[in-house]
Amino acid sequence: MPPAAPPCRRPLRHPIGRGGLWLIAAVLAFGGPAAAEIAPSGAASCSGCHGPPGDGGLVPSLAGRPAEEIVAALMQFNAGERAATVMDRIAKGFTDDEIRAIAEWLAGGGDQAAHSSQP
Amino acid sequence: MLAAGGAAAFYAPRALGQQAARVVVVGGGFAGASCARALKRLNRDLAVTLIEPSERFIACPFSNTVIAGLRDLEGQQFGYDGLKRVGIEVVPQAAVTVDAHARRVTVADGTTFDYERLVMAPGIELRLDAIPGYDEAAAEAMPHAWKAGTQTLTLRRQLASMEDGGVVVMSVPASPYRCPPGPYERASLIAHYLKTHKPRSKLIVLDAKDRFSKQGLFEAAWQALYPGLLEWVSLSFGGQVTAVEPADMTLVTDFARHRSDVANVIPPQRAGAIAAAAGVADQTGWCPIDPVTFESRLQPGIHVIGDAAIAGAMPKSAFAADSQAKVCAAAVAGLLRGEAPRAQKLVNTCYSLVGPDYGISVAGVYHPRDGLLAEVEGAGGVSPADAPPSFRAEEARYAEAWFHTITSAVFG
């Protein structure tokens, strides 16, 4: 086992808040920076099952959900404290720090934030 | 120039003086199409070209339900308009040569495409040289249906026209091959079809392995749902098919000759032919890659993702292909900006239907280790053995939801 990682010092909520993200998305759509943030380790796989907001699917969308909520759910899955079909098996593959980074990225829109930067 | 031979002018006029990097993606399945989209999401200024000869993609996941008459093939088909809408240039041609030194792809009509980085997602080629007697003509009489499309419908038709009391024989290859649990899902759904419509019939599964994916769950379900109808013959008990005789629909093993009314021969496989042509496939027929960037171990500047890649512990699945596509896209976008690639974890989840309302799954988390993608210990695994029917029904619904989400994300 690798040594335990230092505690994550990044704030849970994205510092600019959710309203600010839509503003950034709007800036991107009108010719702002073309490059989107690269997903943290493991996060790119989430959208294999979790679709965009409002897709009405059985699997809940995660894009834009509060980071605290996603962290809490993943921690519970990780600890086997929350009923699941596959998320318990998947969450066990991630460290606390990785879970936080994934949650923050998803809270900021994840792949969907990148979608909205399309011209 | 970024595109040679007038290709740019023919397929998509580009602004004068545009200096965007060009990434070419060969293959428009889950891996290639997802990677093209991810590249465009990561950097909309990237010129992304997808080379794929088929106008429509026909998905393999859920195609076993088509064989069993539970679903129509139309629901498996997806076009490339969604990719075009986000600015991906889609070239409806087959890639025929790749010059890794010149960084140039040539397609069937002779047009060439220069690239800074090439992503190859050529999927699989069925080895019609592996089982004596199983050639192209034999594949019509004894369909493989391991690439979804006309083969899927041939097998469905043959099952539908078989008399009650007939014998269906399946042949399953040794690993590695596309979709490890796929043959057993197919066996389950064929058994469901026979139980429902032709209950005096029998299904024999001849396997070149002694163990398979989700085995305990499959075998328990077979015992519960299809007792006496489905017989699995392992390698040790003579399951390896050594020859086929399509003229009298016979599968030959070292121990017996199995006469069939319907035969489904899933032959051994290798990476799609263009992989060998590009020099990215090794003597195994598959493509060794770096587990962080998916760059070929054999040809710099070419990345290989999806079923064609040797991805260590990661199975050849659509979910894995999509995960790899997005990680590879991030690596490629970063490399083009001169950034050092970052190691990423990847996830796989594979659902199988044992019956229409009976789903089981296997999940895994993977990370680069010792030059390969290894399973993260303590994570992953299969559905619980003792789950109630409601759990199985829920997983069947999740399987469908997954298919809807991934196909919408990749092709929608």
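Reply: Read from the N terminus on, the elements of chain A in this predicted model run α-α-α-α-α, which accords with a count of five helices and zero strands. Of the 119 residues of chain A, 47% count as buried, and among its contacts between residues at least 6 apart in sequence, 68% join residues at least 24 apart. Chain A exposes about 6,100 Å², with carbon and sulfur atoms supplying 63% of that area.

Of the 412 residues of chain B, 61% count as buried, while 66% of the contacts in chain B between residues at least 6 apart in sequence join residues at least 24 apart.

Turning to the interface itself, 41 residues of chain B are in contact with 40 residues of chain A. The size of an interface is often given as the accessible area lost when the parts come together, and for chain B and chain A the buried area is about 3,200 Å², of which 57% comes from carbon and sulfur atoms. On the side of chain B, the three residues B:Arg41, B:Arg44 and B:Lys345 supply 26% of the area that this chain buries against chain A, more than any other three residues.

One of these, B:Lys345, also takes part in a salt bridge, in which its side chain meets that of A:Glu98 at 2.6 Å, N to O. The count of salt bridges between chain B and chain A is three, and the count of residue pairs in polar contact, with both residues at pLDDT 80 or more, is 14.

As for where the touching side of chain B comes from, at least two residues each are supplied by helix H2 (30-42), helix H10 (318-336), strand E22 (346-355), strand E23 (358-369), strand E25 (381-382) and helix H11 (389-411) of chain B. Of the elements of chain B, H11(B) gives the most to this side, with nine residues. By residue class, the side of chain B that touches chain A divides into 19 nonpolar, ten polar and twelve charged residues, and the charged residue B:Lys345, already met in its salt bridge with A:Glu98, is among the three that supply 26% of the area chain B buries there.

How values were computed. Residues are numbered from 1 along each chain as its sequence is written. Chains are lettered from A and ligands numbered from 1 in the order in which they are written. This is a predicted model: local features need pLDDT of at least 70, side-chain atom pairs count only at pLDDT 80 or more; totals for chains, interfaces and linings use all residues. Side-chain values use heavy atoms; hydrogens and water are left out. Contact means heavy atoms within 4.5 Å. Buried area is the accessible area (1.4 Å probe) that two parts lose on being put together, summed over both. A salt bridge is a side-chain nitrogen of Lys or Arg within 4 Å of a carboxyl oxygen of Asp or Glu. A polar contact is a pair of N or O atoms within 3.5 Å; within protein, one must be able to donate a hydrogen and the other to accept it, and residues adjacent in sequence count only if both atoms are side-chain atoms. Helices (H or I, at least four residues) and strands (E, at least two) are DSSP runs, numbered from the N terminus. Ala, Val, Leu, Ile, Met, Phe, Trp, Tyr, Cys and Pro count as nonpolar, Asp, Glu, Lys and Arg as charged, and the others, Gly among them, as polar. Buried means under 20% relative accessible area, exposed over 50%, partly exposed in between (1.4 Å probe, protein chains only). Accessible areas come from the Shrake-Rupley method with a 1.4 Å probe; for residues, only the protein chains shown count as cover.
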